[in-house]
Amino acid sequence: MVSKRYAKVNQIICVACGTCELVCPKKVIKVKKGCFAEVDTDNCVGCGKCAKSCPANCIDVMERMNEK
């Protein structure tokens, strides 16, 4: 079952510190080439731990759109 929420990283302001990667309980966030974090949105449960811990405040928890 897919969660109703997911995390989204603003890659322009992400500082690639890796904090989100460390706190993610599902391990679906990876820092790409030391440039920015990327979320596997298909497997993200939208718990918000990454957003709360992000020092750059660049992660938002979004609502998934209903797919028909």
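The following questions and answers go through a predicted model and the reasons behind its labels.

User: What elements make up this protein, and in what order do they come?

Analyst: The protein has two helices and four strands. From the N terminus on, they run β-α-β-β-α-β.

User: What makes the protein as compact as a globular protein of that length?

Analyst: Its radius of gyration is 11 Å. The globule rule gives 11 Å for 68 residues. The value is close to the rule, so the protein counts as compact as a globular protein of that length. Its C-alpha atoms fill a box of roughly 35 × 20 × 20 Å along the principal axes.

User: How many disulfides does the search of the whole structure find?

Analyst: It finds zero.

User: Why are cysteine 14 and cysteine 54 called buried?

Analyst: Buried means under 20% relative accessible area. Cysteine 14 has 13%, so it counts as buried. Cysteine 54 has 14%, so it is buried too. Across the protein, buried residues make up 29% of the 68 residues.

User: Which residues of the largest nonpolar core touch the most other members?

Analyst: Val9, Ile29, Val39 and Ile59 do. The core holds 16 residues. Elements that give two or more residues to it are β1 (5–9), β3 (36–39) and α2 (49–53). The largest share, three residues, comes from β1.

User: What does isoleucine 29 contact, leaving aside neighbours within four places in sequence?

Analyst: Its contacts are Cys20, Glu21, Cys24, Ala37, Glu38, Val39 and Cys50.

User: What makes lysine 32 and glutamate 38 a salt bridge?

Analyst: The cut-off is 4 Å between a side-chain nitrogen of Lys or Arg and a carboxyl oxygen of Asp or Glu. Here the N to O distance is 3.7 Å. That is within the cut-off, so the pair counts as a salt bridge. The structure holds one salt bridge.

User: What phi does lysine 33 take in the hairpin of β2 and β3?

Analyst: Lysine 33 takes a positive phi near 50°. The hairpin has three residues between the strands. Lysine 33 is a residue other than glycine. At 81% relative accessibility, over the 50% limit, lysine 33 counts as exposed.

User: Where is alanine 16, and what is its phi?

Analyst: Alanine 16 sits in the loop between β1 and α1 (19–23). Its phi is positive, about 55°, although it is not a glycine. Its relative accessibility is 19%, under the 20% limit, so alanine 16 counts as buried.

User: Why is glutamate 63 called exposed?

Analyst: Exposed means over 50%. Glutamate 63 is at 53%, so it qualifies. This residue is found in strand β4 (residues 59–63). Leaving aside neighbours within four places in sequence, it contacts Lys4, Arg5 and Tyr6. Glutamate 63 and serine 3 are 60 residues apart in sequence, and their C-alpha atoms are 9.1 Å apart.

User: What makes valine 45 partly exposed?

Analyst: Its relative accessible area is 35%, between the 20% and 50% limits, so valine 45 is partly exposed. Its place is in the loop between β3 and α2. Not counting residues up to four places away in sequence, valine 45 touches Ser3, Arg5 and Lys26.

Technical notes: Residues are numbered from 1 along each chain as its sequence is written. This is a predicted model: local features need pLDDT of at least 70, side-chain atom pairs count only at pLDDT 80 or more; totals for chains, interfaces and linings use all residues. Side-chain values use heavy atoms; hydrogens and water are left out. A disulfide is a pair of cysteine sulfur atoms within 2.5 Å. Buried means under 20% relative accessible area, exposed over 50%, partly exposed in between (1.4 Å probe, protein chains only). A nonpolar core is a set of buried Ala, Val, Leu, Ile, Met, Phe, Trp, Tyr and Cys residues joined through side-chain atoms within 4.5 Å. Contact means heavy atoms within 4.5 Å. Two strands pair if DSSP finds at least two bridges between them. The radius of gyration is taken over C-alpha atoms; the globule rule is 2.2 Å times the number of residues to the power 0.38.
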